[in-house]
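Please look over the sequence and the fold that follow before reading on.

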Amino acid sequence: MTVQPSSASPTARLSFGRLAAINAFWFGGGAHWQPIYIALIPVGATLIAGSNADLLIGRVTAAGGVFALLTPILVGWLSDRTVTRWGRRRPWMVAGTILNIIGLGLLALSASQLTFIAAYLVVQLSNNAAGAAYTGVIPDVVRAEDRGRASGLLGTMNQLGTVVGVGLVGLTFKLYGDTRAGLLAGYGLVALILVITLLITVVAVKEPPIARQPNSKSPSPLAGAVSYTHLRAHE
């Protein structure tokens, strides 16, 4: 069995405000990864490993890269086949973000290399799961004539999120120094931005009704992850 939209492709023209709201979660994505890579992970690794921080960072990012590669492929494929009263994309976005926030908390509190690596893997897995489902939102709810506008907003929101996230996290370290308190404040800001932008997008997205249809041949999960993997490669 496969899942197919039970209604035709979207035809209504969406306002700029609605498109911006649909793309709000990309702002959260920008505010998430760049502050983590630039400031939060290095400070956390230094607190744990001291002079060996660079080695710990290398291990963490190498292990996380596997999840960044494989998770979008699987979750993109699964979200295409998800049937719930809330749609097929939003449940993955919400569940992934909840787990993402838990992972951020674990990263902020990690005091050993093992827990630090494990927490980072949770963040990679959950964020990529939410993001993979999210990439299907624009084709699902935006008419073909407006997808260029929507995609342009996608990039703009992501870059704005990066600037705001890096700026706010940098401010927390100026206030608290490279300390555990600074980490907690920085990760807390990232989590707050994720929650706010997720709520805006979830409310703005009106997923079309879907229904199961028999199909003896399921398409490859690779197709559903191409756009998300391409975006992450350019962050």
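**A walk through the predicted model**

Thr-162 touches Gly-30, Ala-31 and Gln-34, where residues up to four places away in sequence are not counted and contact means heavy atoms within 4.5 Å. Thr-162 is found in helix α7, the helices (H or I, at least four residues) and strands (E, at least two) being DSSP runs numbered from the N terminus. With a relative accessible area of 17%, Thr-162 is buried, a label that applies under 20% relative accessible area, while exposed means over 50% and partly exposed in between (1.4 Å probe, protein chains only).

The model is predicted, and for that reason local features need pLDDT of at least 70 and side-chain atom pairs count only at pLDDT 80 or more, whereas totals for chains, interfaces and linings use all residues. Residues are numbered from 1 along each chain as its sequence is written, and side-chain values use heavy atoms, with hydrogens and water left out.

The largest nonpolar core has 51 residues, and those that touch the most other members are Leu-40, Leu-104, Leu-107, Phe-116 and Tyr-187; such a core is a set of buried Ala, Val, Leu, Ile, Met, Phe, Trp, Tyr and Cys residues joined through side-chain atoms within 4.5 Å. Two or more residues come from each of α1 (16–22), α2, α3 (53–80), α4 (90–109), α5, α6 (137–141), α7 (147–176) and α8 (180–204), and α2 gives the most, with 14 residues.

Aromatic rings come next. Rings of Phe, Tyr and Trp (its six-membered ring) pair if their centres lie within 6.5 Å, with planes under 30 degrees apart counted as stacked, over 60 as edge-to-face and the rest as tilted. By this rule the count comes to four aromatic pairs. Trp-33 and Tyr-37 form a stacked pair, 5.2 Å centre to centre with 20° between the planes. These two residues are separated by about one helical turn, because Trp-33 and Tyr-37 stand four residues apart in helix α2 (residues 24–49). Trp-33 counts as buried at 1% relative accessibility, whereas Tyr-37, with a relative accessible area of 32%, is partly exposed. Trp-33 also pairs with Tyr-120: their ring centres are 6.3 Å apart and their planes stand at 75°, so this pair is edge-to-face. Tyr-120 is itself buried, with a relative accessible area of 1%. Elsewhere, Phe-25, Trp-26 and Tyr-134 form one aromatic cluster.

What of the charged side chains? Side chains of opposite charge can pair when their charged atoms come close. A search of the whole structure finds three salt bridges, each being a side-chain nitrogen of Lys or Arg within 4 Å of a carboxyl oxygen of Asp or Glu. The side chains of Arg-89 and Asp-80 meet in one of them (2.8 Å, N to O); Arg-89 counts as buried at 5% relative accessibility, and Asp-80 as partly exposed at 24%. Arg-88 and Asp-140 meet in another (3.1 Å, N to O), a pair that links distant parts of the chain, as Arg-88 lies in the loop between α3 and α4 and Asp-140 in helix α6, 52 residues apart. Arg-88 counts as buried at 8% relative accessibility, as does Asp-140 at 11%. Arg-89 and Asp-140 also form a salt bridge (2.8 Å, N to O); Arg-89 lies in the loop between α3 and α4 and Asp-140 in helix α6, so the pair ties together parts that are 51 residues apart in sequence. Through shared partners, these salt bridges join Asp-80, Arg-88, Arg-89 and Asp-140 into one network.

Val-94, Ile-98, Leu-99, Ile-102, Leu-106 and Leu-125 make a nonpolar surface patch of about 470 Å². Patches are made of residues with over 30% relative accessible area and no salt bridge, with like charges joined within 9 Å and nonpolar side chains (Val, Leu, Ile, Met, Phe, Trp, Tyr) within 5 Å. Helix α4 gives the most to the nonpolar patch, with five residues. Val-94 lies in helix α4 and counts as partly exposed at 31% relative accessibility.

How values were computed: Areas by Shrake-Rupley, 256 points an atom, 1.4 Å probe, with all protein chains shown as cover.
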